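Subject: Structure handover and notes

Dear colleague,

My notes follow it, with the conventions given where each term comes up.

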Amino acid sequence: MLLSTLESFARSELAADESQAASRPLTHVLWFCDALLLFFLVSWVSTSVLQLDNDLYYAIFIWSALTFLYGYRRATNGNVFGWMQRRWRSSLFIGALVAIYLVVNVLSSNATAHPDGLLLVFEVLWRGVAYGIVSSLVLTAFPLAIARGVFQDNIEGWLRRIAMGCLTMGLVWIMSAAYHRGFEQFDGDKVTPQLATTVASLPAVITANPIGSIAAQVSLHVAATVQTFESNVFAVACRQDRNAVVWCFSRLRSTAEAAPPMTTARSAFCCCATSRISGGAR
């Protein structure tokens, strides 16, 4: 009895120590430094060294980001869903205004050719929605979580909120600079990608809630997928000659077009079989 009591007490003390260590500001700072290195390497190795096509790069980035963010949340015991429920309406309202500005900016650019049909639907969902959500989590929501961790989640009072907003903006700029530094297309431009990320991060900075920024980033990437699919201004330069997804859709289309047309007898047989199956199901 005494040994079990001592064992439970030791476990509770160990858990308390681990929780206290996870909530220390230094822990969040170290995770931020790890993220800078990780996402620079992901972008640099995938696009500059291996020269992967867009869709494969997005798969690697999304997997790396979600794995890293999940590990960060578990290690720091962050109440992400708790603080995302606060001021979400204000964040969405500001995010809608920012999204309009970003989309108009994209639509004012010169249009390029883009795929059509199911391939366009896939690219909009993959490059626009999926990549837009995950990139916003990395470039905006994660720096915001780091800032909240540094302030110990105490942002009561205008001075602390302003200070945390300034810290969040600085972290967003640093994270965006490290991530985009891995792309060759931004070697000579160290301002434009950071400005776009900063504008998209305004809802999170103002309200301390990243939902509006996520919506703005998704709107930006969806518009870029439709308007500037082959441009490298708003996304990684498209490598149509090495794009595995484009090749698969092209093969499916060519196979369907090369298939012999259905004869009248085969058509009648298929209709009869379908009607019998439907009648049996009833």
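This is a predicted model: local features need pLDDT of at least 70, side-chain atom pairs count only at pLDDT 80 or more; totals for chains, interfaces and linings use all residues.

Residues are numbered from 1 along each chain as its sequence is written, and side-chain values use heavy atoms, with hydrogens and water left out.

Overall picture

The secondary structure amounts to twelve helices and zero strands, where helices (H or I, at least four residues) and strands (E, at least two) are DSSP runs numbered from the N terminus. Of the 282 residues in the protein, 39% are buried, a word that stands for under 20% relative accessible area, with exposed meaning over 50% and partly exposed what lies in between (1.4 Å probe, protein chains only). If one takes the contacts (heavy atoms within 4.5 Å) between residues at least 6 apart in sequence, 80% of them join residues at least 24 apart.

Helix pairs

Two packed helices are described by the angle between their axes and the distance between the axes. The axes are lines fitted to C-alpha atoms, for helices over the stretch in contact, and the angles run from 0 to 180 degrees between N-to-C directions.

For helix α7 (residues 158-180) and helix α8 (residues 192-200), the axes come within 9 Å and cross at roughly 140°. That makes α7 oblique to α8, since angles under 35 degrees count as roughly parallel, over 145 as roughly antiparallel, 65 to 115 as roughly perpendicular and the rest as oblique. On the α7 side the contact involves Met169, Val172, Trp173, Ser176, Ala177 and His180, which meet Pro193, Gln194, Leu195, Thr197 and Thr198 in α8. By class, this contact of α7 with α8 has six nonpolar, five polar and no charged residues, with Ala, Val, Leu, Ile, Met, Phe, Trp, Tyr, Cys and Pro counted as nonpolar, Asp, Glu, Lys and Arg as charged, and the others, Gly among them, as polar.

The axes of α6 and helix α10 (residues 211-227) come within 8 Å and cross at roughly 145°, and α6 likewise passes α10 in a right-handed crossing. The contact of α6 with α10 holds ten nonpolar, nine polar and two charged residues.

Individual residues

Arg148 lies in helix α6 (residues 117-150) and counts as buried because its relative accessibility is 2%. Setting aside residues up to four places away in sequence, Arg148 touches Trp83, Arg86, Asp153, Ile155, Met164 and Ala208.

Tyr131 is also placed in helix α6, and at 7% relative accessibility it counts as buried. Beyond its neighbours within four places in sequence, Tyr131 is in contact with residues including Tyr58, Phe61, Tyr179 and His221.

Finally, Gln51, in the loop between α2 (25-49) and α3 (54-76), has a positive phi of about 55° although it is not a glycine. Gln51 is partly exposed, with a relative accessible area of 33%.

Best regards

Notes: A crossing is left-handed if the near helix is turned anticlockwise from the far one by less than a right angle, and right-handed if clockwise.
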